[in-house]
Amino acid sequence: MGNLRQPVYLEEKLEQVRESGRLNIRSKALPTWCPGCGYFSIVDGVTMAINQLQINQKDVTVVSGIGCASRFPFFLDTYGFHTLHGRTLPVATGIKVANDDLTVLAIGGDGDAFAIGGAHIPHAARRNVDITYMVFDNGIYGLTKGQTSPTSVLGFTTSTSPYQNQDRPLNPLLMMLSYDASWIGQSYAGDPRHLSEMITQAIAHRGFSYLHILSPCVTFDKTSKTYSNLKAQVRNLPDDHDSSDRMAAIGYSMDVDTPPIGLFYKESRPTLSDKLDLIVDKARGRNARASG
Amino acid sequence: MIDSAMTETDIQLMFCGSAGDGTIAVGDIFKRAMAEAGFKVLAFDIYPPEIRGFGKCISRVRVTSRQAYSLKHQSDILVSLNDSYAIPHVSEVRDFGGVLYDQAPISAMAEGEHISGHLQPGQLPYGVSMREVSDQTTGGSKAKNIVALGFLAGLYDMQREPFHQIIRDKFKHKDPIISESNLLAFDTAYDEGVSTFRLDFIELGTPERQDIGSKVQMMTGNAAVVRGCLDAGLETFFGYPITPATSIMEDLATDLPMRGGRLLQTEDEISAIAATIGAGYAGARAATATSGPGLALMVEMLGLGVMAEVPSVIFCSQRGGPSTGMPTKTEQSDLHLAVFGGAGDAQRIVLAPTNVEGAYKCAGKAFEMAERYQTPVIVLLDLYLSNRYETVILPRQNPFEADSSKKRSHQERGVPYHRFSFTDDNVSPRTVPGEEGGIHTVTGLEHNELGRPNDQPDMHLKMSEKRHNKLLGALDHPGITIQKRFGDEGKVDVGILGWGSTFGEILEAMLVAQDEGISCSAMKVVMLSPLPLQPVQEFFSDCREILIPELNYEGQFANLVGSAISKPFTRLNRVPGVPMRVADILDEIRRLAAQVKSAA
């Protein structure tokens with residue numbers, strides 16, 4: 001019986017959390033999400049990551065679109081921009097182009113990202129804008145009270161698919177791997193420890209990081225991506241997965257029945273700002289030659 | 001001596017040819033040489049939308065001693081580089097004007113295909129051996145256009161030196177032999193021109209060189225926008241190519257990085273405006289440029305800019321619409337979209353310059369206003385203004401404020417920050433990411449002073465008032481003319497109210513009408529939103545009849561003015577895809593003046 005864990009009392013836990021300082025990163029606003037929503041653990045993961053990376057709150061800007069996930073910036077005490085449906089990435093790109101010193105987090109749901117915002121993703125990825133893009137994927141439109149999304153599974157019944165969804169869902173990780181994102185990972189809202197670790201890595205990566213977060217909608221999805229289903233399906237990427245091996249990552253990304261979580265792919269290459277700086281150097285060089 | 005000093009220059013040349021004839025190029029050399037010689041120039045080219053093929057190109061250049069406001073309907077000289085294209089334009093040459101053509105173009109040319117057979121009585125034929133001289137001097141026929149130019153310059157006794165300089169400049173990146181042979185072609189033709197008997201009475205005169213502490217330059221409206229952006233300290237630009245705005249992005253792509261600025265070609269217009277607003281939120285001077293179809297895609301984001309009170313500058317060069325419309329034709333039909341486009345009550349600032357110098361001013365001032373009033377500012381141009389060349393006088397001193405934003409006072413820094421605090425002038429002090437103690441979230445949702453979502457009726461009303469009333473400050477923004485009256489003062493018979501590039505034609509028509517003894521004046525309105533209602537109302541009460549000419553079918557500016565003023569007025573709407581005819585405006589002025597007289 002010696003390996004029984006010591007009990008942790010709530011007050012002690014609270015003290016620990018307070019001491020960590022990460023509560024300061026939360027705003028006073030009360031989240032609008034339903035009790036049990038996976039997004040609460042994502043807020044926690046983000047505050048832990050900012051805390052761990054010792055980034056000053058004034059230097060963090062959280063950009064979001066429209067949807068349940070996109071309410072995110074209001075619940076953090078950082079700079080925030082709650083934008084339009086689908087336009088998270090171009091706004092975030094503008095912010096980063098204007099000020100390299102900012103840590104820019106882009107946040108949206110599966111509809112915001114892959115339906116209305118789909119056209120922006122490949123370009124943010126290929127340009128390697130140094131931002132962290134987190135998509136909270138629950139496979140449903142929650143804020144409008146339960147309609148089909150581009151990642152809803154086949155046969156899913158919603159108010160807009162009363163005769164079941166007939167369209168195959170998108171595979172976001174496979175898309176990201178072909179779009180040339182320089183950091184691609186997946187995590188699960190039901191595993192806060194893994195989640196905060198992945199968020200920390202994603203923010204620390206210099207370049208465009210894409211973190212896909214599987215997260216249940218406890219209100220409008222009772223059958224498909226529930227905690228119990230996801231818990232049974234999700235597995236860790238094998239320890240020996242080489243994150244520089246894109247082909248292997250593509251293989252894992254296609255396993256949608258038992259989605260692997262962890263770091264799929266990572267590469268180091270110049271960011272958009274690096275390239276814009278290079279253009280300034282080239283322009284000034286040409287200018288110097290022309291006037292010289 | 002006295003006579004020659006008083007000679008007022010006013011000539012207009014029209015070069016017409018096929019794509020590949022160097023039509024636009026020779027027009028360009030001519031206008032640059034004239035500007036170099038010290039004349040005022042106004043020029044506008046028309047070319048086909050297709051890149052390859054045999055489209056018709058026309059370059060019109062008006063050269064004057066005092067700045068002209070528009071092109072003339074009739075040219076003094078037509079230079080034909082392709083007879084089949086030029087023949088329909090013979091009627092646009094004035095009586096006793098000249099037509100310059102190749103007298104021996106190609107051996108096999110059917111009778112009737114040669115332009116010489118199409119001249120009207122009174123028009124003067126100048127047959128030149130274009131191909132022959134080009135062959136002799138350059139070993140090919142490509143320099144036909146230079147030969148025509150040389151002949152013309154000789155005929156009218158223009159100074160050679162400015163032409164030499166521009167030709168050398170034009171070919172400076174090529175083999176020196178090309179420059180030399182083109183100069184030889186020019187000079188050979190010049191000598192031929194000098195020895196040719198001149199039949200008409202054009203006197204070019206000598207321009208007066210003014211030194212008024214400013215720099216005279218020749219540029220297009222789009223180039224002026226670029227200069228305005230750079231002088232105003234533009235830091236970031238995001239754009240998507242679209243005719244006729246593309247050259248703004250192209251020029252900035254070269255020039256902005258030289259000043260350390262950043263330019264990004266985005267995946268569409270939605271991302272262009274989104275990134276512009278993102279950069280504006282982050283505190284940079286940011287802009288994008290587009291045309292009507294692009295602005296249509298941008299209006300949702302414009303609404304966000306209004307709601308979140310983020311500065312941004314949008315240049316929109318109008319073309320024929322709706323939809324893809326007429327990409328290479330001019331029109332003024334995006335006023336409704338610029339002023340009203342979007343969801344909700346989303347008032348923004350809209351500036352419409354009337355000429356190239358105005359484009360420079362509005363471009364720079366747009367950044368000041370966007371920052372000062374925390375709003376999107378649209379600068380509405382059109383293809384005619386974007387592409388036409390004018391000699392402009394730009395101030396040597398940069399006339400634009402480097403930072404116009406309202407910042408927190410010292411005391412305000414100590415207290416919790418309210419991004420949307422209610423203030424006397426309805427503008428809240430703004431912080432940007434990275435700033436200590438200024439953390440906030442902005443949103444497209446209705447919000448309270450903190451920026452938190454709030455849809456209570458009293459809050460929505462107060463915030464709506466704030467967003468609208470703060471823009472009234474722009475009506476008194478320093479250093480920009482937002483409306484101006486020209487012509488006769490006081491009570492007049494006919495008043496012409498105009499906006500945008502058409503105001504040049506309006507002024508020309510007004511000047512002629514004044515010469516004819518008609519009591520008239522013209523008012524330009526540069527700020528379309530918020531509308532400077534009081535001076536417009538005063539103008540209405542001063543004029544017995546009001547005429548509103550514009551290049552659109554619906555009378556969009558007339559609708560805007562008419563919604564605020566109950567007095568009747570006359571609309572003049574044209575949609576030819578080219579600038580309005582001065583004669584059309586003049587006819588209408590005369591008709592209205594006669595109406596006033598007969599009523600009296």
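# A walk through chains A and B

Start in chain B and select residues 40–46 and 56–64: these are strands E2(B) and E3(B), which run antiparallel and are joined by seven bridges. Strands here (E, at least two residues) and helices (H or I, at least four) are DSSP runs numbered from the N terminus, and two strands pair if DSSP finds at least two bridges between them. One thing to know before going on: this is a predicted model, where local features need pLDDT of at least 70, side-chain atom pairs count only at pLDDT 80 or more, and totals for chains, interfaces and linings use all residues. For finding your way, residues are numbered from 1 along each chain as its sequence is written, while chains are lettered from A and ligands numbered from 1 in the order in which they are written.

Still on that pair of strands, click Val41(B): opposite it, in E3(B), stands Val63(B). Look for Ala43(B), whose bridge partner in E14(B) is Tyr389(B).

A residue counts as buried if 20 or more other C-beta atoms lie within 10 Å of its own, as exposed if 12 or fewer do, and as partly exposed in between, with C-beta atoms placed from the backbone.

**Chain B in pieces**

Colour chain B by domain: domain 1 is 2–195, domain 2 is 216–395 and domain 3 is 483–599. These bounds come from an automatic or database domain assignment. The centres of domain 1 and domain 3 of chain B, taken over C-alpha atoms, are 35 Å apart. Where the two touch, domain 1 of chain B gives five residues and domain 3 of chain B gives nine. Contact means that the C-beta atoms of two residues, placed from the backbone, lie within 7 Å. On the domain 1 side of chain B, three of the residues touching domain 3 are nonpolar, two are polar and none is charged. In this scheme Ala, Val, Leu, Ile, Met, Phe, Trp, Tyr, Cys and Pro are nonpolar, Asp, Glu, Lys and Arg are charged, and the others, Gly among them, are polar.

**Where A meets B**

Next, show both chains: 36 residues of chain A are in contact with 39 residues of chain B. On the chain A side, the elements giving two or more residues are strand E2 (79–82), helix H3 (88–98) and helix H10 (272–291).

Then zoom in on E2(A) with residues 441–443 of chain B, strand E15(B): the two pair in the parallel sense over three bridges. Phe81(A) has Val442(B) as its bridge partner there.

**Into chain A**

Chain A has ten helices and ten strands. Its radius of gyration (over C-alpha atoms) is 20 Å, close to the 19 Å from the globule rule for 292 residues, so chain A is as compact as a globular protein of that length; the rule is 2.2 Å times the number of residues to the power 0.38. Of those 292 residues, 47% count as buried.

Last stop: Ser209(A), in strand E8(A) (residues 209–214). Ser209(A) is buried because 27 other C-beta atoms lie within 10 Å. Which residues does Ser209(A) touch, not counting those up to four places away in sequence? Select Thr132(A), Tyr133(A), Trp183(A) and Ala202(A).
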